[in-house]
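Hello,

Here is the structure we spoke about. My notes follow below it.

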Amino acid sequence: MLKIYNTLTRSKQEFIPKQPGKVGMYVCGMTVYDYCHIGHARVMVVFDTVARYLRHSGYQLTYVRNITDIDDKIIQRANESGEAFTALTERFIEAMHEDERALSVLPPDIEPKATQSIADIVSMISTLIEREFAYVGSNGDVFYAVNRFDGYGKLSGKNIDDLQAGERVDVDTAKRDPLDFVLWKMAKPGEPYWDSPWGQGRPGWHIECSAMSTCCLGNHFDIHGGGMDLQFPHHENEIAQSEGATGEPFVNYWMHNGFVRVNEEKMSKSLGNFFTVREVLKQYRPEVIRFFILSSHYRSPLNYSDEQLDAAETALTRLYMALRGVEIAETLVDLVYKQRFEEAMDDDFNTPIAISVLFDLTKELNKSKGNADRLQVLAATLKELAAILGILQEDVEVFLKGGTTVVGYFEAVMPMPQLSINIEQLIQDRTNAKKNKDWTTADKIRDDLKQRGVILEDAPNGVTTWRKG
RNA sequence: GGCUGCGUAGCAAAAUGGUUAUGCAGCGGCCUGCAAAGCCGUAUAUACCGGUUCGAUUCCGGUCGCAGCCUCCA
């Protein structure tokens, strides 16, 4: 039985989909004005894993993740680079998809764009005005009237009085209340715009998600996810908009992932302490990043550091080492390990425990190297369970030799070590030296290679293999 | 200031009202020409102070420290 921590109730709850066997999930995606950083990667990987596990559990899932392709920062960046905003967003959407593919993130079923959802957005705003949840301000912008919505604050645990007391932004005189937020923003000269009953303008950020999620999944759906920072105001506003417009409950389970931190501080664009996915891929293979992300629980903070990435690579190496030389033909899986794995994942997607099950399995696998039947079952189980996490699917030899079979833009920056050294020749030289019991020469070759990041291992049958150190 | 959440061994990271987490690193051993990998064994922990309890790291209260939100942000 799957349990999900619901931000709305601040507790783990049994997951009961609206319609038996079917799940609708919406996740707030990226605003595409720059490259994705590791924090964005976490959202993509976490909810990809949630999606994979829901499907593994037999649910028919519709996974929607939007793209915000119009907003102030996009306009600003496009002006800076002197290109059309659509050209800018197209570039970064493509870059985002490259990052996704690298990280083995499966594409969502639907990826709506704000600019392609204008009609739905306009329609929802009109409804909100009709129902008196929204009004046209003195500057022509359309605002949501927060105090008209009784449940405002129910997700973030804030209340309107506290918010007003803590108000510290300049009061926008066009609004009736400082807490009101914009639904439709009038275009300034030279800005992109769409026609609407209130004039030429563009949608506010919050209304996009309400319109796109409702459009793709209906008025009321199962899971809505996103980063912790979106809890307030973004998700709070979504609830106010959607429930205000439809009069129905909006979302049953709210899931929020924790931040990636750098030196105990949130990784973010504004702090400037971020590492883009493509930067990190120059140093670490994509699967290492994915493993690093999944090695802590999705709601915990995740501290980014080279030491952590190194540790992830070492841990992953242990799993691959267990599979080295094992031909996996068997499709039978060990039900005990499978059950333990599923129990971990059923407990609010506890990937650290799920991974620990993989290590326990690996230990038994290593002990079963002499028992071909058992070995087959365990290896097949390891690979199948790991696939649910999106890891351990590389070719074993390629991974251990420091490469990756994932095709993508980073291939050029991840050369295999053998490109620069003739490892096979050196191994042959060493084998010859060993035959002559010339241990000095043999050991020197091994030490030299180790210095260059290549570890040699002699198997009992006399065959020497190598891997990246 | 208001509201969330967190503080676990050398590092990372789970869990739990009483029983080995797991990975890396350490120590001892087996294996090996020597290694590496693997296996076996082993050490180190629950911020601090109170309370509830037969028993608390786990529940409650307080103290200290940290992070996040209250402004665009995954």
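Chain A has 16 helices and 15 strands. Helices (H or I, at least four residues) and strands (E, at least two) are DSSP runs, numbered from the N terminus.

This is a predicted model: local features need pLDDT of at least 70, side-chain atom pairs count only at pLDDT 80 or more, and totals for chains, interfaces and linings use all residues. Residues are numbered from 1 along each chain as its sequence is written, chains are lettered from A and ligands numbered from 1 in the order in which they are written, and side-chain values use heavy atoms, with hydrogens and water left out.

Overall picture: the C-alpha trace of chain A spans about 90 × 50 × 35 Å along its principal axes. Of its 469 residues, 52% are buried (under 20% relative accessible area, 1.4 Å probe, protein chains only). Among contacts (heavy atoms within 4.5 Å) with a separation of 6 or more, 73% join residues 24 or more positions apart.

One helix pair: the axes of α1 (residues 38-56) and α13 (residues 372-389) come within 7 Å and cross at roughly 125°. Axes are lines fitted to C-alpha atoms over the stretch in contact, and angles run from 0 to 180 degrees between N-to-C directions. Thr 49, Arg 52, Tyr 53 and His 56 of α1 meet Ala 387, Ile 388 and Leu 389 of α13.

Then α9 (residues 286-294): 9 of its 9 residues are buried, so the helix is largely enclosed by the rest of the structure. Glu 287 and Arg 290 are among those buried residues.

Best wishes

Key:
Buried means under 20% relative accessible area, exposed over 50%, partly exposed in between (1.4 Å probe, protein chains only).
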